[in-house]
Amino acid sequence: MKAKAAWTRTVVRLLIVPVAAVLAVLLAGAPGAHAATDLSRIAAALRESPVYVDPAATDILSEADAEALADKIEDAGEPVFVAVLPADYPTQNLFRNLRTETGITGLYGIRLGDRFDARADRAVLSNQGVRNLVTSAQGAGDAKAQLNDFVDDALRSGLGGSAPGTWSEGSGDAGVPAGTLITVGAVLAAGGAGAYALARRNRRRHEEEQRAALDKLRVVVDEDITAFGEELDRLDFHPAEPGADDAMRADYERALDAYEQAKSLMASAQRPEDVKAVTQAVEDGRFCLAQLAARREGRPLPDRRPPCFFDPRHGPSVADATWTPPGGTTREVPVCAADATRLADGRDPMIREVDTEYGRRPYWEAGPAYGPWAGGYFGGGLLPGLLVGTMLGSMMAGPAYAADYGAGYGDFGGFEGGDVSGADFNTDDFSGGFGGGDFGGGGDFGGGGGGDFGGGF
């Protein structure tokens, strides 16, 4: 069975990789193309297969060798990621940015020309363990021998974490459907021009979908910004008023800055995921207003808490309350004082509803585009717990969500099938090799083929 699954993966890759190569060559000559492959594309490829070979680095590791290496990692089910890049690929923050874009806890090895280094989340392998792997691999011969030694040693190291479930998709026992082979063969036969036309058409359709989603969000976000502006007006604070001190003026200035920033960010938004920064700015501004109000009234300053789950326009929450949505799972949600009272009295909270094709619905039942909007208000690991069992939560748990609406909203369990943390990781805990935990300064990847890299990057 395992041999059949490996054959299946091999056939699919052998058919798909040439198409990708044709597209890479054609798109490299398209207007606005960059010489270096964008890290987001590399990360997307690593979420589908553990080994990525850049089109400009195929002379370093052959397609067949990359395929065999990928099969070895997939069969072991360990979160090991290998990228083979050309020698002139930019090294500034390379590991940090690749780990952020991929968003999956793991061990990352990069062959850059004739140089090699690795980093890992500490939950997967200790810093010393990574250094030992790198030292051993650097003593190997060519890229094939080096990367195989690295992977073999890594798989014997008792790694933590788990491999992305997307690696195993399509590797079952059923074999490759004849329709798939015919379709892919037709694409290859059509040649570069046909592949390029297909890519353009798909990109155009995706852009149209993104614009439609952004238009929906724009209505809701404009309502949020308008409500925030009205709060500023109702506050009726004057920096020179009697009793005003520097702390009050600082709060007011930050709130005004947040208001202007939110308007500017929304005006320049191009994709739904850009909205996350807008709602983050609005929430920052509302907290500044809450601080200012407390100072003016002589009350203790409020703790920094997320906004009211039912409607962020209610302002910062004051407590967590138990709530069970109709037909859903009980969970604790942050609530404002008014909604806390309603829930305590057995009444329904005041829920933020938005327009959908089925009429007005709570935002968590309105579609995937509202993920970035909610993510700006309830960032980090908070959002998954709030949305579990809802339509939006289910959509965000799908492997295709991040490509369309952005990632970084916390671990939604099955999302991408691995131990997902998105961008939420400590670079001090993602280290190894010889660059230490902070490899943000400098652009030197290392000192050639072997030995101590002398600071990494």
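Asp 236 is partly exposed, with a relative accessible area of 47%. On this scale buried means under 20% relative accessible area, exposed means over 50%, and partly exposed is in between, with a 1.4 Å probe and protein chains only. What we have here is a predicted model, in which local features need pLDDT of at least 70 and side-chain atom pairs count only at pLDDT 80 or more, while totals for chains, interfaces and linings use all residues. Residues are numbered from 1 along each chain as its sequence is written, and side-chain values use heavy atoms, with hydrogens and water left out.

Back to Asp 236. This residue sits in the loop between α7 and α8 (246–268). Helices are DSSP runs of H or I with at least four residues, strands are runs of E with at least two, and both are numbered from the N terminus. Asp 236 is not a glycine, yet its phi is positive, about 50°. Most residues other than glycine have a negative phi. Asn 93 is another non-glycine with a positive phi, about 55°. Asn 93 belongs to the loop between β2 (80–85) and α4 (94–102), and at 19% relative accessibility it counts as buried.

Now the whole chain. The protein chain has 14 helices and nine strands. Of its 457 residues, 46% count as buried. The chain exposes about 20800 Å², and carbon and sulfur atoms supply 52% of that; the areas come from the Shrake-Rupley method with a 1.4 Å probe, and for residues only the protein chains shown count as cover. Among contacts (heavy atoms within 4.5 Å) with a separation of 6 or more, 68% join residues 24 or more positions apart.

Next, the interior. A nonpolar core here is a set of buried Ala, Val, Leu, Ile, Met, Phe, Trp, Tyr and Cys residues joined through side-chain atoms within 4.5 Å. The largest one has 51 residues, and Phe 309 and Trp 373 have the most contacts inside it. Helix α7 (residues 178–235) gives this core its largest share, nine residues. Leaving aside neighbours within four places in sequence, Trp 373 is in contact with residues including Leu 217, Val 220, Val 221 and Tyr 363. A second, separate core of 43 residues includes Val 84, Leu 98, Ile 110 and Ala 163.

Two loop residues next. Cys 308 lies between α9 (275–297) and β5 (319–323) and is buried, at 0% relative accessible area. Its C-alpha is 4.3 Å from that of Val 335, 27 residues away in sequence. Leu 125 is in the loop between β4 (115–121) and α5, buried at 9%. Not counting residues up to four places away in sequence, Leu 125 touches Ala 120, Val 130, Leu 133, Ser 157 and Leu 159.

Last, the helix pair. At what angle do α5 and α6 pack? Helix α5 (residues 127–138) and helix α6 (residues 143–155) pack at about 150°, with axes 8 Å apart. Axes are lines fitted to C-alpha atoms, for helices over the stretch in contact, and angles run from 0 to 180 degrees between N-to-C directions. On the α5 side, Leu 133, Ser 136, Ala 137 and Gln 138 meet Gln 146, Phe 150, Asp 153 and Ala 154 of α6. By class, that contact has four nonpolar, three polar and one charged residues. Ala, Val, Leu, Ile, Met, Phe, Trp, Tyr, Cys and Pro count as nonpolar, Asp, Glu, Lys and Arg as charged, and the others, Gly among them, as polar.
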